[in-house]
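Hi,

Here is the structure I said I'd pass on.

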Amino acid sequence: MRRKLVVGNWKMNGSRLANAELLAGLESEGPWEGDVAVCAPFPYLADVALTLHGKRIAWGAQDCSAHEAGAYTGEVSAAMLAEFGCTYVIVGHSERRAYHAESDQLVADKAKIALAHNLVPIVCVGETLAEREDGQTDVVVKRQMSAVIHTLTHCISQIVVAYEPVWAIGTGKTATPEQAQAVHALLRTQLHAATPKSDQMQILYGGSVKPDNAVSLFSQPDIDGGLIGGASLKVADFAAICRAAV
């Protein structure tokens, strides 16, 4: 039986005061049946680590470099994230792919270096609205996933996958539970061909998850929780979503 996982992606939001209030509020709402984590902007990881140390909420980062170290101004290495006790790191989010031109192979390389430093990469895949309307959803997500499978080989079972249809991120539009399940099942089948542990892997859904649709999404057989954006910045909303992950 796979445990549910809900991860809050704060994106480029927060302040030291707002973060402290948010984490205190979440602590008061828990514990939950599933696993819960927050992925904070780099400057706040030290504060988050101190606040959550010894607590039931894990933490992580929103990206990492594909390089170990060196002359890469502005980059943050997986080794640095590990020093701050991160459990997770998001790689390949659609905003990174779109705004920073990250290729499928770069995303795979980031996942590989994250694993090398005992971080769990949350690998994001998903299609744009144009790709969905053109009937390319399956082709796109399988291509994105293939790069990771080929790069990680036998280590593929150690990642978390997040399916995030780009057209549903921050738009208020959400894939129906049936639409989301269809892609999750496709990914599970693809992973099954790569590892005998595919049934144990967590595949999250992301894309305008809210308290009023979380239960129907998370009740689908291949949806193991969510990667939550805007709703993760509101204690009541994020706590309600976490409660739905049973």
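Let's start with where helix α1 meets helix α2: Arg16, Leu23 and Glu27 on the α1 side touch Asp47, Val48, Thr51 and Leu52 on the α2 side. Sorted by class, that contact has 3 nonpolar, 1 polar and 3 charged residues. To find the two helices, look at residues 16-29 for α1 and residues 45-52 for α2. Their axes come within 11 Å and cross at roughly 30°. Angles under 35 degrees count as roughly parallel, so α1 is roughly parallel to α2. The crossing itself is right-handed.

Before you go further, please keep in mind that this is a predicted model.

α1 has another partner, α10, which covers residues 235-244. Here the axes come within 10 Å, and the crossing is at roughly 40°. This crossing is right-handed too. From α1, the residues involved are Leu22, Gly25, Leu26 and Glu29, and they meet Val235, Phe238, Ala239 and Arg243 in α10. That contact divides into 5 nonpolar, 1 polar and 2 charged residues.

The next helix pair is α5 (residues 104-116) with α7 (residues 137-152). These pack with their axes 8 Å apart, at an angle of about 40°. α5 passes α7 in a right-handed crossing. On the α5 side, the contact is made by Asp104, Gln105, Ala108, Asp109, Ala111, Lys112 and Leu115. α7 brings Arg143, Gln144, Ala147, Val148, Thr151 and Leu152 to it. By class these residues come to 6 nonpolar, 3 polar and 4 charged.

Now for a couple of single residues. Arg96 sits in helix α4, which runs over residues 94-99. Leaving aside residues up to four places away in sequence, Arg96 touches Asp63, Ala101, Glu102 and Lys110. Of these, Asp63 is 33 residues away from Arg96 along the chain, yet their C-alpha atoms are separated by 8.6 Å.

Pro196 is a loop residue, found between α8 (177-192) and β7 (203-205). Its relative accessibility is 76%, and Pro196 therefore counts as exposed. Pro196 and Ser157 are 39 residues apart along the chain, with 8.5 Å between their C-alpha atoms.

Stepping back to the whole protein, how many helices and strands are there? The secondary structure comes to 10 helices and 8 strands. The C-alpha trace spans about 45 × 45 × 35 Å along its principal axes. A compact globule with 246 residues would have a radius of gyration near 18 Å, and the 17 Å found for this protein agrees with that. Of those 246 residues, 52% count as buried. As for contacts with a separation of 6 or more, 71% of them are between residues 24 or more positions apart.

That's what I have for now. Enjoy looking around!

Methods:
Residues numbered from 1 in each chain as written. Predicted model: local features only at pLDDT ≥ 70, side-chain atom pairs only at ≥ 80, totals over all residues. Heavy atoms only, no water. Axes fitted to C-alpha atoms, helices over the stretch in contact; angles between N-to-C directions. Helix = DSSP H or I, 4+ residues; strand = E, 2+ residues; numbered from the N terminus. Parallel < 35°, antiparallel > 145°, perpendicular 65-115°, else oblique. Left-handed = near helix turned anticlockwise from the far one by under 90°. Contact = heavy atoms within 4.5 Å. Nonpolar A, V, L, I, M, F, W, Y, C, P; charged D, E, K, R; others polar. Rg over C-alpha atoms; globule rule 2.2 N^0.38 Å. Buried < 20%, exposed > 50% of the residue type's maximum accessible area, 1.4 Å probe, protein only.
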